Amino acid sequence: MKKSLLKYIYIRIINISIAIILILNSSFKTYAYDILNNNKTLNIVIISSHNYQDEQEKQLLSGLYNTLEKLKPKDLDLNMEYESLDKNKITNNEYIDSFNKLLNTKYNDKEIDEVFTVGDDAFNFAKQQVLNFESILYHKKVISIGLNRNVDLTEEEEKYMIRILSANKEPLWINIILYLQDNIDTVNIILDGSEYSNDIKHRIELSKNLFYRDVKINFIQSNYIEDIKQDLRKINKNNQANIIVGSFKSKDNNLDIAPNTIVTDIKSITKNPIYTYSYEYINSGVIGGYVNIPDKQGEYAAKKLYSMLNGDGSKDSIVEKIESTFIFNYKEIYKYKLDTFRIPEGSLILNKPKFALLLPMPLKVIGYTIISSIIIIVIYGVYRLIKEKQKAKKNKQLYERTKEREKLKTDFIVNMSHELRTPLNVILSTSKLTELKINKNDYDNKYLLEKLEQINKNSNRLLKLVNNLIDITKFELGNYELKLENLNVVEVVENIVLASVDYSTCKNIDLVFDTEEEEIITAIDKDKIERVILNLLSNAIKFTGSGGNIYVHTKREKNQVIISVEDNGIGIPKDKLSEIFNRFYQVSDTLKKYEEGSGIGLCIVEEIINLHNGGISVYSEVNKGTKFEIKLPIYTVEKNLKNLETRDVQQIVRLEMSDVDTKEK
Ligand code: ADP
């Protein structure tokens, strides 16, 4: 007896030890994988509850797939298989058997390292199979996501299954609603008939004393939207908030109604804010919710798998509770005048424009006003700065130009005094000398004529100078008028060239006129065009040395007449070409020694050509020569002003050529 008692105790001790070892083993070793060391491929089977994928399931799967791929150790291959149950046959045992058989055949000779289930039905299926030694899922490791409720597991089932659930914090969510809107005194909780909804209802009832201020809680529960609407209509009053949970059908066809239709239906009854506890309502017109974001759950499950592969398999990870997220719709926040400062930190704000601020409306207005004022001030500042810089630049340019003009004017006055003094000196000294000679009776006619001619020439120089000055003033005042006549411009140019031949001959310069056409009639102011040609000719003669050539040419080109005056004289340096039409400009003092001049001739020439709507250009090379080319439009005027004044061409030529040195060289 004693012996048998001892034996009994002995056996009991062994049994208890084995049990303790088994328990310890099951507690801490259940999820100790060896895959990372021995196996290069991780075989995963994902079983989903539906044969169609709703939005939530899609997101759960995408979170799962993406994270599995992203965090995969480098030398591990993933082999993922996807299976789905038929939601409508899930209660049918025959269907479950056949589905099981299907899995058995498919995975008979394949390893399954990990099973993921998505949704309640797949979880229930796996729960039955992990302990069914006829199933391919027998003693496989299962991680379940997308569960609507926490189903209790037996100790044996817990060895193989991990449930990832969202943390239940209904009191927190209701407290947040009460805190966001001080006026709320009643919260209507709209629930469907599911176990999940019953759980929530139960938890809220239990946590009533946890609400931070007094609030009435109404439950409206049905699977049918018609009932929900009817019940809500009865109790709907001001200062209420609604929380919607679950999915609802229509009595008409017994089909599920889309979340946005449900929200619209509820909004047709109440103007009160609608919140949710289910992810699928988030984008359907509710203010916001405290929800479990599906892809976060998928992501969590994938991470869980890898952390276990790395040896973390402790028992407290059998039920994982992940925090839900506060989500708010940006527009609705303002529509329902929520205090934005009271929105929980870390909340997700949907549909928020990129640069929008989440602030109370008055602050937002002030904020936007300040920001826009700053932007306007900055833009204005930059604008002012640019303007000031432009102004400074303009002022500098203006100053430079004024300085240049001043210099030109001073040069002009110096030059002009010289120009005036030279002929005046000649006139004075010649007349004085002649007077002396006459007094002494020491003169003859030839001597007298010669001196008179000198006086004449120098008087002409003075006259030309004064005329030019008057013209320039007229241009400046804008009252320089043309007397247009329809004339043969070839003839006008030819005559003036012929009248100037004497002056070129004096300097031993060959002056030639040539034309492609004998007659080109156009409207010109004859006097002015003559002055232009004479000016160009006098310059050509002045700046061409003895033995040189001057070639004057006319031609028609389209509807323009082209007059060119070309010499092979001293030329003009390239950098001075653009300057010579400026008033008072003379190329340089070194060149000036050649001849007299005031530097206003070409300025007048250009003004006259512009008044004729024509143009003048110059081509020149130092020591090779210069070519001026005038283009005048060919057209006729109706009223042909006849120039009635009798003109002495020779006198005009004498006047214009007065500064050409005619002493034979
Ligand atoms: P100016 O009365 O001094 O001749 P213009 O306005 O007629 O004044 O000419 C301006 C300057 O252009 C002249 O001083 C001279 O330096 C230069 N110039 C004009 N025509 C010629 C030319 N045919 N050859 C060389 N230089 C010329």
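## About the model

Welcome! This is a predicted model, in which local features need pLDDT of at least 70 and side-chain atom pairs count only at pLDDT 80 or more, while totals for chains, interfaces and linings use all residues. Residues are numbered from 1 along each chain as its sequence is written, and side-chain values use heavy atoms, with hydrogens and water left out.

## Around the ligand

The ligand has 20 residues around it, with Asn539, Lys542, Asp567, Gln586 and Leu602 coming nearest; a residue is near if one of its heavy atoms lies within 4 Å. In the side chain of asparagine 539, an N or O atom is 2.8 Å from an oxygen atom of the ligand. Aspartate 567 places a polar side-chain atom 2.9 Å from a ligand nitrogen atom. Of the 530 Å² of accessible area that the ligand has on its own, the protein covers 97% (Shrake-Rupley method, 1.4 Å probe).

Helix 16 (526–542) gives at least two residues to this shell, as do helix 18 (601–611) and strand 20 (625–633). Helix 16 supplies the largest share, 4 residues. Here helices (H or I, at least four residues) and strands (E, at least two) are DSSP runs, numbered from the N terminus. By type, the shell has 9 nonpolar, 9 polar and 2 charged residues; Ala, Val, Leu, Ile, Met, Phe, Trp, Tyr, Cys and Pro count as nonpolar, Asp, Glu, Lys and Arg as charged, and the others, Gly among them, as polar.

Histidine 553 sits in strand 17 (residues 549–557). It is buried, at 12% relative accessible area (buried means under 20%, exposed over 50%, partly exposed in between; 1.4 Å probe, protein chains only). Beyond its neighbours within four places in sequence, histidine 553 has contacts that include Asp514, Glu516 and Ile563, where contact means heavy atoms within 4.5 Å.

Leucine 232 belongs to helix 9 (residues 225–235) and is buried, with a relative accessible area of 0%. Leaving out residues up to four places away in sequence, leucine 232 touches Ile190, Ile220 and Ile266, among others.

## Helix 14 and its end

Helix 14 (residues 445–477) has 33 residues and spans 47 Å from its first C-alpha to its last. Just after helix 14 comes glycine 478, with a positive phi of about 75°.

Methods:
Polar contact = N/O pair within 3.5 Å; in protein donor to acceptor, adjacent residues only side chain to side chain. Expected span 1.5 Å × (residues − 1).
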